[in-house]
Structures are given as C-alpha cells and as structure tokens.
Amino acid sequence: LGATWDGEGVNFSLFSERAEGVDLCLFDPSGRRETHHIELSEQTDQVWHAYLPQARPGLLYGYRVRGPYDPTKGLRFNHNKLLLDPYAKQIQGALRWSDAHFGYRVGSRHEDLSYDRRDSAAGMPKAKVIDAAFTWGNDRAPRIPWHESIIYELHVKGFTMRHSEVPEPLRGTYAGLATAPVIDYLRRLGVTAVELMPVHYFVDDRHLVDKGLRNYWGYNSIGFFAPELRYAGGDAVHEFKTMVKTLHSVGIEVILDVVYNHTAEGSQFGPTLSFRGIDNPAYYRLVPDNPRYYMDYTG
C-alpha cells in the first residue's frame, strides 16, 4: 500500500472496499497545480492500484475517491475532496483551512447530511513519493529485555528547543535529539529507550488556528507513516532515520507513541482529509445502529 518507488517507476496502491472509483491526482512541485488525473482501472482484493513507469521520487500526489454520499449509512464519499494517502511516507505542506475541506456544507440546516461540491485541493497538503534507500549498515534494534528497560517519554521539540548545548539550528528537531549533549544526558540517567510523543504528520485543528494557537502535542494524526515536518531541519524521512540509527548505536531504543483512537478528521462534523473520504466504515468504528456517528470513547 502507498506509493512505492522500485528504481524504474512508482506503484500506487490504495485500499477501499466500498469505492466505486479511485482517481490518482498528480501535482507540480509547488503542489498548487494538478498536472495529471489518472483513473485507477486495476483492482485486486479491494485494493486499487496503478504502476507509472515514468514517475520518480519527489512526485506529489493525492486521491479522489468516488462513491455514494449517505452519512446515515456511514458513507461519506465526496470526489470533490482531495485525500491524503493513508500510507504516504512523506507529506509536503500544511493544511490551509477553509470550508471546502468539509464534505458537507458548513452552516447548512441539514448539517453533515448536506453535500459540498467545492474542490479542496488548493488548501490540502500533498503526499510525496520518496526513495526509501538509506544506509542502515549494521544497525539493529537493541532489544533490551522489558525488565531491564528504563523508558523516558519526551517531546521531540520540547526536549531540545531550549537545550543550551544543542546547536541552535538543530534545536526542536529529530537531528537535535541525536546530538551528543542529549545522548550523554540520557545515558547518565541510565535510560535504555526514548518514547517519542506523536511524530506522525498531524494538523493544527481549526479551532486552534482561529485562536492563533497550534497543536503542540500532535495527538490528531492524519499521516501515520509520515514523520511530522515541523520537527525536521531538512529532509524529514532521512533525518528521522539518522536519529534512530544514532540512538541505536549507543544502545537506546526508540518507541513511538501512536494513537489510533482518533484522527485529525474528528467527529461527523470534522473535515474530509483522508480516511473518511476513502472508506469511512472501513477505517473508522461507527455506531452499529446509527452509522452516521462514530464510536467516541476518548475523543
């Protein structure tokens, strides 16, 4: 699943059980102009796919998924909305909020049962094809026994942002977490593993942006396979891998805090950014006797 570069071309693969059609949308390097619109005609076991022999790493893309819009049945397809690939390994750009991101007409008396026809692509971040090659060398996870593990939970930005011994350009980044002053401190404490608070791509919630605030903790993920860009000084994927390898080399494991029980799409009144528009009942747990609503245990 996702976009996979094999050295000759890129295979695009998206799961949707209930979709009636899937379109792959390619964009120019700025992410502002859609250059190609390709209907995925191949389908294998509910996976829609296509291989583009001329595609290369760096290509920006998104999906539009066609199907019925019937929230009372849990179906929220809206092909007017550009969707992020759930398996994207890198995401470029930030979400620029507008009412176009919602599958329904914001303010309508029919609420989320209404249907919005505006195109959301202009304000959407785009998935990016990557070259996954990296020199891991003899890297191995330390695999320290649980009864010997001492885990330090930390926030990548908060832990290094004001560290006087971390070079200023690296503060608040993955690279900053892998610098000698940080590693020396962790080893003096006897730490065997760092547990990173969410580093998956997340968005700043609209109600926060309206107040001039940002999402500091990162618990509303929308790209579970793409490292968050705001913690990177350069190439986020490469920098993240380098951080992991460096920590491993001194015997420190890396644990990721992953929260699947809610995403940046929120409740039935939230935006349509990815999972909801790809196959709402497949990706989310809905109320059995009223699938318009979500099983909301913890937000």
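Q: Which residues make the nonpolar surface patch of about 280 Å²?
A: Leu 1, Tyr 87 and Phe 225 make that patch. Patches take residues with over 30% relative accessible area and no salt bridge, joining like charges within 9 Å and nonpolar side chains (Val, Leu, Ile, Met, Phe, Trp, Tyr) within 5 Å. Areas are Shrake-Rupley with a 1.4 Å probe, and for residues only the protein chains shown count as cover.

Q: Before we go on, what sort of model is this?
A: A predicted model: local features need pLDDT of at least 70 and side-chain atom pairs count only at pLDDT 80 or more, while totals for chains, interfaces and linings use all residues. Residues are numbered from 1 along each chain as its sequence is written, and side-chain values use heavy atoms, leaving out hydrogens and water.

Q: Which strands does S7 pair with?
A: S7 pairs antiparallel with S3 (residues 21-27) over seven bridges, and with S11 in the antiparallel sense over two bridges. Pairing needs at least two DSSP bridges between the strands. Cys 25 has Gly 62 in S7 as its bridge partner, and Tyr 61 is opposite Ala 127 in S11.

Q: Switching to salt bridges, how many are there in the whole structure?
A: The search finds 17, each being a side-chain nitrogen of Lys or Arg within 4 Å of a carboxyl oxygen of Asp or Glu.

Q: What does Arg 64 meet in a salt bridge?
A: Glu 34, at 3.5 Å, N to O. Glu 34 is in strand S4 (residues 34-39) and Arg 64 in strand S7, so the pair ties together parts 30 residues apart in sequence. Arg 64 is buried at 7%, whereas Glu 34 is partly exposed at 30%.

Q: And Lys 81 with Asp 116, how far from N to O?
A: 2.7 Å. Lys 81 is in the loop between strand S9 (75-76) and strand S10 (91-92), with Asp 116 in the loop between S10 and S11, 35 residues apart. Lys 81 is buried at 0%, and Asp 116 is buried at 3%.

Q: Last one: where does Asp 45 lie?
A: In the loop between strand S5 (42-44) and strand S6 (47-52). Asp 45 isn't a glycine but has a positive phi of about 50°.

Definitions and conventions: Helix = DSSP H or I, 4+ residues; strand = E, 2+ residues; numbered from the N terminus. Buried < 20%, exposed > 50% of the residue type's maximum accessible area, 1.4 Å probe, protein only.
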